[in-house]
Amino acid sequence: MQLGLIGLGRMGQIVVGRTLAAGHEVVAFDLDDDAVATAADTGADPADSLADFVDQLGSEKRIWLMVPAGEAVDVTLEELEPHLDADDVVVDGGNSYFEDSVRRAESCPAAYLDCGTSGGPAGAELGFSLMVGGPQWAYDELEPVFDAVATGPDGHERMGPAGSGHYVKMIHNGVEYALMQAYGEGFELLHEGRFDLDLENVASVWNNGAVIRSWLLELCEEAFREEGTDLGTVADRVEGGSTGTWTVQEGLEQEVPLPLIYTALSERFGSRADDGRFSRRLANRLRYGFGRHEVPRRE
């Protein structure tokens, strides 16, 4: 099938590459000409404007947005709106707030799928985990592309109506915060505790059969291998926080206690004071591991 892709950052380029590798066609557009050129080198059909992008798509348009959450999504939808009708499908693969996705689904002329996307740049090889909300027929229509972009048929699922995909992804991120905090605290105690331990070795042993083995723990092992047991120059500063904040707010509204996620969020904000907590330094490096986010470092 033919897919139009708007937003060619790291994640967008991965969507392009995996979709093309599965034998589909991709029309690619971005405000950055170099990003469009990169997608073209991969095999996508480049578009030099939004008008050109729309013209290259068939009568039933299948469009995937991989633009930053917030205003950029609304601006893009506003520009696309005159070219969309009820037979078209738009996928928002970014980290949008779920209530924004509900609003957009109600106002968009096309069927709107909110697609929570997890896996980070590692998804280039393995594929993503996709949590999709929106009409069943639209999900079914995009299933060949979801199969390509995800780890396979088991790597994506329709969660429910509009907003449910980004809702599930929001809470996924809250769980991620808590897991990072737990690993950080455990390794901080090992680092400051009674024995002179090689934390790479500890993580390696735990990753081989222990109850707490996981991909995040593999990334802890990578961090200690590349930075050293004391994490070298990695700073006590953990960026991000929006999806965790949304998760905590939802917990308050639903009267569901979230002490672990709330504490992890508080620790993340507390890291902005840079008081040297080892656990937060590890969380900082873990964000590079799964998302290739820049690692703030201390002088």
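**Close-up views of a predicted model**

**View 1. R292 in the segment after α13.** R292 lies in the segment that follows α13. Helices (H or I, at least four residues) and strands (E, at least two) are DSSP runs, numbered from the N terminus. R292 is not a glycine, yet has a positive phi of about 55°. With a relative accessible area of 35%, R292 is partly exposed; buried means under 20% relative accessible area, exposed over 50%, and partly exposed in between (1.4 Å probe, protein chains only). The model is predicted: local features need pLDDT of at least 70, side-chain atom pairs count only at pLDDT 80 or more, and totals for chains, interfaces and linings use all residues. Residues are numbered from 1 along each chain as its sequence is written, and side-chain values use heavy atoms, with hydrogens and water left out.

**View 2. E255 in the loop between α11 and α12.** The loop between α11 and α12 holds E255. E255 is not a glycine, but its phi is positive, at about 55°. E255 counts as exposed because its relative accessibility is 72%.

**View 3. Binding-site residues from the UniProt record.** An unreviewed UniProt entry places the feature "binding site" at N95, S118, G119, G120, H172, N173, Y177 and R268. Of these residues, Y177 and R268 are included in the lining of the largest cavity. UniProt positions are given in the numbering used here, feature names are shortened, and annotations may be inferred rather than shown by experiment.

**View 4. S118 and the residues around it.** S118 sits in strand β6 (residues 111-118). S118 counts as buried because its relative accessible area is 16%. Leaving aside neighbours within four places in sequence, S118 is in contact (heavy atoms within 4.5 Å) with F128, S129, M131, K169 and H172. H172 belongs to helix α8 (residues 164-192) and is partly exposed, at 27% relative accessibility.

View 5. On a 1 Å grid over the protein atoms alone, a cavity is a set of points where a 1.4 Å probe fits but cannot get out, and a pocket is an open set with protein on both sides within 12 Å along at least five of seven lines; lining residues have an atom within 4 Å of a point. Grid points are joined across faces, edges and corners, and a volume is the space filled by probe spheres set on the points. The count is one cavity of 30 Å³ or more. The largest cavity holds about 70 Å³ of space. Its lining consists of Y177, M180, Q181, V238, A264, E267, R268, R280 and A283. Two or more of the lining residues come from each of α8, α12 (259-270) and α13 (278-291). By class, the lining has five nonpolar, one polar and three charged residues. Ala, Val, Leu, Ile, Met, Phe, Trp, Tyr, Cys and Pro count as nonpolar, Asp, Glu, Lys and Arg as charged, and the others, Gly among them, as polar.

**View 6. The largest pocket.** About 1200 Å³ of space lies in the largest pocket. Its lining has 43 residues, and M11, N95, T117, K169 and H293 lie nearest the centre. Helix α8 gives the most to this lining, with six residues. The lining divides into 15 nonpolar, 22 polar and six charged residues.
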